[in-house]
Amino acid sequence: MMAYPDNTKIISILASISIVLGFLENLFPLPIPFIRLGISNIPIVIGVYLIKELRFLLLLGGIKSLITAIFSTGFIFRLIIAFPSILVAILFMFYYHKATKNYSSAISTSVIGSVVNITMQFIIIKLVIIKHLAFLKILPYFILAAILTGAIVGLISNNILNKRG
Amino acid sequence: MKSIKPFDIIVILFIFGITIYLMKTENEAIKKAYIIIDEKKYPLNLDQNGIIDLKIYGKNMKVEVKDKKAHIIESDCRDKICIHMGYVKDCGDTAICLPNKTAIVIECEKNRYDGISR
């Protein structure tokens, strides 16, 4: 039972912070529709740096998306869209961080995560919900927004990680 | 503060570049132009500039093709609506002359709009 006590502690703390931040985020809508800052993903970016094992990271992402979906309207759609895309985004972030450990910071890790996340969401929406979506026409604009929000999230996570003694 | 490292800039610029590339190539769907005369379809080559006289089909009309755009420049119909419809260049564009039963249309596999309600 005591095999990975540290990881379990970190996961529970990060997941709870992430869920609370997700709630706070919904209280302050941005002027542009469909775009959110994604501050609930700050704990996940931090988790990529703190947790060295992929399965614990995936668990963190799974818990976060599942509980956020349960407490929001449109449970099934949220779950279908958010759950797989956050797992794929975490995969990309984990291996990117592993490959370029000394040459990259949380900023680019977060940008990669947010871009992969929005792309996966679009793919899932295209496959499952709106089949005639003109995919490539609107995706670039969302990716541009994802770069911006991802950089902001990465900057915040980077500062937090640097302050951790 | 050890914040920005080389790969940050490389990755962000890379994704940015791909996005801009996607934005620029988004309008290049496969286009096929046709002239429709009396319910028959004749293919129209948009790459070849020039003026096409429709007299051989029995219509007093002229179609001009210029810079991958086509428009009707002469017609013997009364209202000249087909001439005022201007250039035909994007997916789903049309220039139609009802009295002569003639039209230029551009058909694509992918439409410019998701759907049109009429």
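Modeller: For residues 6-23 of chain B, the unreviewed UniProt entry lists "transmembrane region". UniProt positions follow the numbering used here, feature names are shortened, and annotations may be inferred rather than shown by experiment. The model is predicted: local features need pLDDT of at least 70, side-chain atom pairs count only at pLDDT 80 or more, and totals for chains, interfaces and linings use all residues. Residues are numbered from 1 along each chain as its sequence is written, while chains are lettered from A and ligands numbered from 1 in the order in which they are written.

Biologist: What makes up residues 6-23 of chain B, helix or strand?

Modeller: That stretch is 100% helix and 0% strand, with its end C-alpha atoms 26 Å apart. Helices (H or I, at least four residues) and strands (E, at least two) are DSSP runs, numbered from the N terminus. Chain B has two helices and seven strands, in the order α-β-β-β-β-β-α-β-β.

Biologist: How do you know that the span of helix α4 of chain A agrees with its 25 residues?

Modeller: The expected span is 1.5 Å times one less than the number of residues. For residues 75-99 that should be 36 Å, and the end C-alpha atoms are 36 Å apart, so the two agree.
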